[in-house]
Amino acid sequence: MSNTGAARPLPKTLDVAVIGGGIIGVSTAYALARAGVRVGVFEKGHIGGEQSSRNWGWVRTLGRDPAEVPLAIRAKQLWADIQAQVDVGFRNTGVLYLQEADADRQQHQGWLQSVRDYGVDATLLERAALSSLIPASARQWSGAMYSASDGVAEPAIATQCIADLARQAGALVHENCAVRGVEQSGGKVSAVVTEHGAVAVQSALLAGGAWSRLFCGNLGVEFPQLKVRGSVLRTTALDAGPLAAINGKNFTCRKRGDGGYTVSQFGASMADLVPDSFRLFGSFVRSWLRNRDFVRLRVGKRFFEELAVPRRFALDQVSPFERTRVLDPGPSQAGLRQAWQNVVHAFPEFAQARVAQSWAGYIDVTPDALPVMSAVDAVPGLYLASGFSGHGFGIGPAAGEVMKDLLLGNRPAVDMGAFRLGRFL
């Protein structure tokens, strides 16, 4: 399904270069190509090789920051359009945020109130209505927040499939082709410098996920971003489980296209203490304190691995992006064991299945857990779409659409004020 870009010659010129072949980058390339823009995607490894293929696969509006809700609503429409062309596993399964205590219900009511003006398809269910959507449970669920039109897609195939649609629309996709940096002429971006040579461009989009801070830093641009290691498991096929994707507070589960379930929990996320953790302490300390029940801090060898990565590097030498093509961290087995125990306790039917595989990926997070989707004012012609904080897969197609508009100088249909890079300055 995927091509290797190193085996084909680079174009001499493009209108737009997209740096990074994850869900955001390829969705932007797809939108641009459909608009008649000559666009190329440059991926240091392979398409969707990092977090874009390692996430939970949820396509949700529920629980999002209100600023993201218009994107989430639009994304569901775009996922349906994509599914009509190629099978990415998109299904409106429904999403449930289960509740046990009055505090859970009050939190859900507060969220519904905060997004009431967006026309979100969401409601609160009482216990009786919930019982028709989930198997019998050992836990005393009092109800749930529910969206029938939220759903899932399959991360293992979705990004590559969207990349194929982008190719069919005219985009060029180069894998195994790292972009080391950009050149500027006349006060703006004039070329991207890849490991195989330079390509003249009118503008460039950095959609580098967990690598974006390093790329920005080499340009002298401060982007406050850290990595959180999220761990996930999948089960063997199980017929008896819930069809809706479920957030059960100390576990999550969703039905997969292969008949099994993707299972995780927020507590299975680890933030490795690295040099940037200390450099960005002031920016992230409030976020760490607020999320200490969900993200655990860990000291390990990752500190020394990142300490050895140069923060500045020349464009005519091998870059860090070539030295590590794919970030492939090991999963937190302790966190996943707990998640598995929690889901089996909640729904005993899961004991009929077994754990088939586990994995992890690095989530790119910002201090306020909102992405940056904006121009980089310090480098005219450069745009940034990164820091999606674990929310990027579901809104990926809509993020690509608004980035297309920004790159073309059009006004997006969504208010982008909350996503400016300048909010951190």
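Visitor: What makes D258 and R256 a salt bridge?

Guide: Their side chains meet with an N to O distance of 3.2 Å. A salt bridge is a side-chain nitrogen of Lys or Arg within 4 Å of a carboxyl oxygen of Asp or Glu, so 3.2 Å passes. One caution: this is a predicted model, where local features need pLDDT of at least 70, side-chain atom pairs count only at pLDDT 80 or more, and totals for chains, interfaces and linings use all residues. Residues are numbered from 1 along each chain as its sequence is written, and side-chain values use heavy atoms, with hydrogens and water left out.

Visitor: Why is R256 called buried?

Guide: Its relative accessible area is 14%. Buried means under 20%, exposed means over 50%, and partly exposed is in between (1.4 Å probe, protein chains only). So R256, at 14%, is buried, while D258, at 44%, is partly exposed.

Visitor: How many salt bridges are there by this rule?

Guide: The count comes to 24. Another one joins the side chains of D272 and R229, at 3.9 Å from N to O. That pair links distant parts of the chain, with D272 in strand β16 (residues 269-272) and R229 in strand β12, 43 residues apart. Strands (E, at least two residues) and helices (H or I, at least four) are DSSP runs, numbered from the N terminus.

Visitor: Are D272 and R229 buried or exposed?

Guide: D272 has a relative accessible area of 7%, so the label is buried. R229 is at 5%, so that one counts as buried too.

Visitor: How do you know that β12 is largely enclosed by the rest of the structure?

Guide: Eight of the ten residues in β12 (residues 226-235) are buried, so that's the conclusion.

Visitor: What makes β12 and β18 a pair?

Guide: Two strands pair if DSSP finds at least two bridges between them. β12 and β18 (residues 355-365) have ten, in the antiparallel sense, and V232 stands opposite W359 in β18. β12 also pairs with β15 (residues 261-264), again antiparallel, over two bridges; there, T262 in β15 is the bridge partner of R234.

Visitor: Why are R279 and D276 separated by about one helical turn?

Guide: Because they are three residues apart in helix α7 (residues 275-279). R279 counts as partly exposed, at 40%, whereas D276 is buried, at 14%.
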